[in-house]
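The following exercises ask the reader to examine a model and to classify what is found there. Each task is followed by a worked solution.

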Amino acid sequence: MLTNQIQQAARMLGAQARRNYGVSAVVLSKATDPIQQLFVNKLRDYKSKSAGGKLVDATPEIERELKQELEKLAKQYGGASGVDMTAFPTFKFEEPKLGPINSSSA
């Protein structure tokens, strides 16, 4: 009984240690390795460039290809011209019109 409790406590402490190590690694984002620091800097730079949902460092050719593909998808899935196929669709549910319930016909 006591050994089971000790084993369970050891497993729990091991899981806590792994979890705390993972969290502290994110909190202590100061990289000690110069290569790792370059990678982190590039990630932050990429994130700042991608603000607004646009493609990063896209050429006019890539933008044109994206537009063509979105138009092709709109045709394929029934989107009219000018409809934003990247937006989430809106649904409208109308209440059905019900007739009166006649309790005497049962």
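The exercises below treat confidence, a helix, a salt bridge and a group of aromatic rings.

This is a predicted model, in which local features need pLDDT of at least 70, side-chain atom pairs count only at pLDDT 80 or more, and totals for chains, interfaces and linings use all residues. Residues are numbered from 1 along each chain as its sequence is written, and side-chain values use heavy atoms, with hydrogens and water left out.

**Exercise 1.** State where in the protein chain confidence is lowest and where it is highest.

*Solution.* The quantity required is pLDDT, the predictor's confidence in each residue, from 0 to 100. For the protein chain the mean pLDDT is 78, and 82% of its residues reach 70 or more. The lowest mean, 71, belongs to helix 1 (residues 2-27), and the highest, 86, to helix 3. Helices here are DSSP runs (H or I, at least four residues), numbered from the N terminus.

**Exercise 2.** Compare the span of helix 3 with its expected span.

*Solution.* The expected span is 1.5 Å times one less than the number of residues. Helix 3 has 17 residues, for which 24 Å is expected. From first C-alpha to last, helix 3 reaches 24 Å, close to that expectation. Just after helix 3, G78 takes a positive phi of about 80°.

**Exercise 3.** Identify the salt bridge found in the whole structure, and classify the exposure of its two residues.

*Solution.* The criterion is a side-chain nitrogen of Lys or Arg within 4 Å of a carboxyl oxygen of Asp or Glu. The search finds one salt bridge, in which the side chains of E69 and K72 meet at 3.5 Å, N to O. Both residues lie in helix 3, three residues apart, about one turn of the helix. An α-helix has 3.6 residues a turn, so residues three or four places apart point the same way. For exposure, the classes are buried (under 20% relative accessible area), exposed (over 50%) and partly exposed (in between), with a 1.4 Å probe and protein chains only. E69, at 41%, is therefore partly exposed, and K72, at 48%, is also partly exposed.

**Exercise 4.** Classify the two aromatic pairs.

*Solution.* Rings of Phe, Tyr and Trp (its six-membered ring) pair if their centres lie within 6.5 Å; planes under 30 degrees apart count as stacked, over 60 as edge-to-face and the rest as tilted. F88 and F91 are 6.4 Å apart, centre to centre, with 80° between the planes, and are edge-to-face. F91 and F93 are 6.4 Å apart, centre to centre, with 20° between the planes, and are stacked. F88, F91 and F93 form one aromatic cluster.

Conventions
Helices (H or I, at least four residues) and strands (E, at least two) are DSSP runs, numbered from the N terminus.
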